[in-house]
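Here are some comments for a colleague who is about to look through this model. They are set out as numbered points, and each takes up one part of the fold.

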Amino acid sequence: MNGTVTVLDRGAVRIHSYMSPADTFHVTTQLIETPARLIAIDAQLLPAYADEVVAYAKGLGKPMDRLIVTHAHPDHYNGAARFGVPVHALAEVTEQIIARGDSHLPTGQVIPLTEFTPKVALTPGTEVLDGVPFVFEAVSGGEAADELLVKLPEQGVLIAQDLVYNDVHLYLGNNDITGWRQAVDALASESGYDTILAGHGAPAGPEIYDAVRRYLDDARELLGDDGDAYKKAIVDRYPAHAGPFIIDIANGSLFPAAG
């Protein structure tokens with residue numbers, strides 16, 4: 001396996017957090033194992049890494065119930081077809097995925113829109129699966145225009161996905177540092193959650209919020225009108241962070257005239 005898996009045991013629930021290698025900026029897929037089923041959250045950038053998740057999931061010996069896509073960025077939905085289960089997403093996220101169209105990988109491979117378009121509209125609220133409450137909340141603004149937050153209150157687990165990165169450079173292409181900062185402030189005000197699952201990087205504790213806020217504040221300070229200068233400055237400030245290529249992708253949106 002090229003990726004790594006962190007297993008968190010929470011009694012009736014086990015969480016298997018798959019993290020891709022650095023070449024795809026440590027993007028994560030969360031496998032939530034309840035007494036009778038598996039629920040997958042996010043589907044990887046490269047189909048090959050989605051295949052690793054699916055192979056690992058088969059080894060758990062329980063049927064996969066669904067795949068939930070949290071937001072409309074290709075690194076979280078490209079591999080959806082490999083899971084072979086219904087794809088759920090907020091209606092707004094589905095609209096944004098459709099608007100983006102086919103996905104073009106750096107390798108030149110094209111993944112047709114039909115392979116990853118969510119078919120099941122996810123409604124915010126609480127759904128109880130195998131006796132386990134899942135709380136679904138919609139968040140607007142920040143890393144993406146709309147994102148899904150998933151909470152497991154009885155297990156003390158908050159699945160933030162791309163509202164939180166752990167030791168990986170942040171994607172600022174949505175150009176909403178203020179909205180992202182507000183979203184993280186709201187998460188930090190939540191009580192009862194000692195485990196935070198990031199969309200990029202390993203599982204963490206609530207201390208991750210301060211790390212993300214610090215990066216956002218630094219980005220606001222350093223982000224001028226020159227994408228190359230910004231990249232150098234933020235990488236110099238966070239030399240150990242993975243995924244500097246994320247900055248190039250974001251800069252394509254932040255500085256389109258330079259592309």
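**Notes on the predicted model**

1. Strand 3 is largely enclosed by the rest of the structure, because six of its six residues are buried. Please keep in mind, here and in the points that follow, that this is a predicted model.

2. Which strands pair with strand 3, and in what sense? Strand 2 is joined to strand 3 by six bridges and the two run antiparallel, with tyrosine 18 standing opposite threonine 29 of strand 3. Strand 4 (residues 38-41) also runs antiparallel to strand 3, here through four bridges, and isoleucine 39 in strand 4 is the bridge partner of isoleucine 32.

3. Histidine 26 belongs to the loop between strand 2 (13-19) and strand 3 (28-33). Its relative accessibility is 18%, and because buried means under 20%, histidine 26 counts as buried. Leaving aside residues up to four places away in sequence, histidine 26 touches Met19, Ser20, Pro21, Val168, Gly199, His200, Gly201 and Ala242.

4. A further region to inspect is the open sheet of five strands, which has the order 10-11-12-13-14 and mixed pairing. Strand 10 (125-129) and strand 14 (195-200) stand at its edges with a single partner strand each, so one side of each has no neighbour in the sheet. From one strand to the next, the twist averages 30 degrees.

5. Within this sheet, strand 11 (residues 132-140) pairs with strand 12 (residues 146-152) in the antiparallel sense over six bridges, and glutamate 137 has leucine 149 of strand 12 as its bridge partner. Helix 3 (residues 177-188) packs on the sheet, where it touches strand 11, strand 12 and strand 13 (157-165), and the direction of helix 3 makes about 160 degrees with that of strand 13.

6. The helix pairs deserve a separate look. Two packed helices are described by the angle between their axes and the distance between the axes. For helix 4 (residues 208-222) and helix 5, the angle is about 145 degrees and the axes are 10 Å apart, and the crossing is right-handed. Tyr215, Asp218, Ala219, Glu221 and Leu222 of helix 4 meet Tyr230, Ala233, Ile234 and Arg237 of helix 5. By class, this contact has six nonpolar, no polar and three charged residues.

7. Helix 5 (residues 227-237) also packs with helix 6 (residues 245-254), at an angle of about 150 degrees and with the axes 10 Å apart, which means that helix 5 is roughly antiparallel to helix 6. Helix 5 passes helix 6 in a right-handed crossing. On the side of helix 5, the residues in contact are Gly227, Asp228, Tyr230, Lys231, Ile234 and Val235, and they meet Ile247, Asp248 and Asn251 of helix 6. The residues of this contact divide into four nonpolar, two polar and three charged.

Methods
Residues are numbered from 1 along each chain as its sequence is written. This is a predicted model: local features need pLDDT of at least 70, side-chain atom pairs count only at pLDDT 80 or more; totals for chains, interfaces and linings use all residues. Side-chain values use heavy atoms; hydrogens and water are left out. Axes are lines fitted to C-alpha atoms, for helices over the stretch in contact, and angles run from 0 to 180 degrees between N-to-C directions. Angles under 35 degrees count as roughly parallel, over 145 as roughly antiparallel, 65 to 115 as roughly perpendicular and the rest as oblique. A crossing is left-handed if the near helix is turned anticlockwise from the far one by less than a right angle, and right-handed if clockwise. Contact means heavy atoms within 4.5 Å. Ala, Val, Leu, Ile, Met, Phe, Trp, Tyr, Cys and Pro count as nonpolar, Asp, Glu, Lys and Arg as charged, and the others, Gly among them, as polar. Two strands pair if DSSP finds at least two bridges between them. Buried means under 20% relative accessible area, exposed over 50%, partly exposed in between (1.4 Å probe, protein chains only).
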